[in-house]
Amino acid sequence: MIEELFQIERDAYKDSPVHRLDARVKIVIAFAAIIALVAVPYSPMIYTVGAVFFLFFALLWCFTGLSPVIYARRALAIIPLWGVIIFFQIFLKNKYYTTYDVIMSLPFGINIYAQSVEFAFILLVKFVVCISFIILLSTTTKMPDMLEGGARMGLPAEFALALGMMIRYLFVFGYMFRKMNETLKTKCFDAFDRKLSYRYRLRQLGFTMGTMFIRSYEQGERVYTSMLCRGYGRESYLFVERKPIKRPEWAFLSLSLAFIIAIPIIVWLGQFSIF
Amino acid sequence: MHIPDAFIPIWQGAIYWIIALVFVALALRWARNEMSEEKLPLVAVLAAGIFALQSFNLPVSMGTSGHLVGGALAAIILGSPFAAIFILTLVLIVQAILFGDGGITVLGANIINMGVIGGFVGFYTFRGLMGVTKSMPVSVFFAAWLACLIPALACAVEMYVAGTFPLIEGLVAMGIYHAIIGIIEGFVTVAVIYLITTARPDLVDTGVKAPAGA
């Protein structure tokens with residue numbers, strides 16, 4: 001994950017109309033889309049809602065000027081683990097259906113049900129579209145901008161300060177992580193090498209991680225001391241400059257929110273389906 | 001263990017959010033009262049360190065790997081389960097918003113599992129076992145093992161309540177996998193705490209003494 005951090009930051013520093021949007025606008029749109037998708041009941045209507053939302057995401061992605069490969073690479077890093085759990089749904093019954101039709105019987109009494117396959121698809125659509133909006137948000141918004149956006153939207157001061165400091169030092173520890181990994185490689189240490197005893201491998205990894213913990217703690221102490229030198233104290237807070245959202249941004253935000261709210265309602269009321 | 005969006009209905013996610021916010025507020029109060037507000041930067045930087053620690057791949061078996069959760073580690077070193085809640089809340093927010101690892105609507109559930117349950121189970125198991133066995137490695141190992149296993153079981157129960165995974169299958173699958181990962185987490189946490197109590201005994205706030213001869 002930490003290797004991904006550097007790529008995300010590189011992408012976030014590119015320039016495009018979506019990159020230039022105020023972080024608050026992007027946060028609200030991404031969260032609203034995710035909440036709307038999750039709020040849609042587990043029913044086939046999600047296929048239509050999901051498809052329309054994904055087209056909306058794809059349109060925004062086109063304006064970022066980023067390659068679809070970047071999106072695909074990031075999505076593929078996230079989807080497999082929970083993709084397995086989604087896949088297993090096809091063998092399981094759940095509380096959202098009352099009757100189950102067997103479409104295939106396998107050895108050991110394992111069955112694949114039509115309703116379970118449908119449920120797996122519903123989960124997959126919701127999951128993939130939600131992930132897409134998070135990828136869009138993080139690849140087009142610099143971390144400090146996202147934090148300032150959060151602070152302007154009412155994130156508690158202590159949290160804004162702590163998150164700000166954490167984000168700043170993520171990269172320091174990212175580099176430290178790289179260096180430590182390179183050091184282990186230089187010493188020909190491979191945690192997955194079966195020729196080495198398991199106990200030895202775990203001990204080496206534990207000591208490496210312990211070293212990193214101590215270095216992060218000591219870094220924290222140095223930061224704390226230097227902040228005290230600059231007058232940090234109980235009354236300190238993260239200063240965030242006032243920044244009004246521009247009219248075009250308001251317009252874009254309003255239209256997007258109206259779209260995000262309207263689509264599930266229209267699909268639900270009209271029983272509208274594009275499939 | 002990072003539940004993503006869509007696996008828990010929105011209303012259940014909202015309930016988990018409310019419960020998590022109560023604990024996050026308590027963790028903030030702990031940070032103000034017990035650590036003094038001025039030490040917040042230290043904890044924040046430590047959170048970045050824990051995030052990096054989670055990136056180390058630990059060999060499990062048959063070429064598979066896992067990673068440290070770190071809830072028990074943070075709680076034991078900083079001497080409070082609220083430290084784990086505070087630090088893991090920061091880590092989980094960053095993981096959810098930047099990496100899509102864990103969802104937004106289910107962030108409350110993830111904070112409850114890894115921060116609240118992991119922190120409390122890890123801390124009080126460690127305290128309890130230290131009182132009985134007087135052995136730091138044994139106490140830390142079981143604390144870290146349980147702090148990995150119990151949140152995974154809680155995750156299985158939440159998904160059962162959500163209707164997205166059956167209870168028995170979920171408990172068995174999550175239980176077995178995290179019981180194995182928990183052993184690795186236990187060993188690595190013992191090694192990390194051994195190193196810290198040896199190199200910087202002043203950092204540890206739990207009565208754990210540096211090993212004899214160190």
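In the predicted model, the buried residues of helix 4 of chain A are A:Ile46, A:Thr48, A:Val49, A:Gly50, A:Phe53, A:Phe56, A:Phe57, A:Leu60 and A:Trp61. The cover over these buried residues includes five other helices of chain A: helix 2 (17–20), helix 3 (23–39), helix 5 (68–88), helix 6 (114–140) and helix 10 (247–270). Helix 4 itself spans residues 45–64, a run of 20 residues. From its first C-alpha to its last, helix 4 reaches 29 Å, close to the 28 Å expected at 1.5 Å a residue. Just after helix 4, A:Gly65 adopts a positive phi of about 75°.

Chain A as a whole contains ten helices and two strands. Among the contacts in chain A with a separation of 6 or more, 81% are between residues 24 or more positions apart.

Along the principal axes, the C-alpha atoms occupy a box of roughly 65 × 65 × 35 Å. Buried residues make up 34% of the 275 residues of chain A; those in helix 4 include A:Phe53, A:Phe56 and A:Phe57.

Technical notes:
Residues numbered from 1 in each chain as written. Chains lettered and ligands numbered in written order. Predicted model: local features only at pLDDT ≥ 70, side-chain atom pairs only at ≥ 80, totals over all residues. Helix = DSSP H or I, 4+ residues; strand = E, 2+ residues; numbered from the N terminus. Buried ≥ 20, exposed ≤ 12 C-beta atoms within 10 Å, placed from the backbone. Contact = placed C-beta atoms within 7 Å. Expected span 1.5 Å × (residues − 1).
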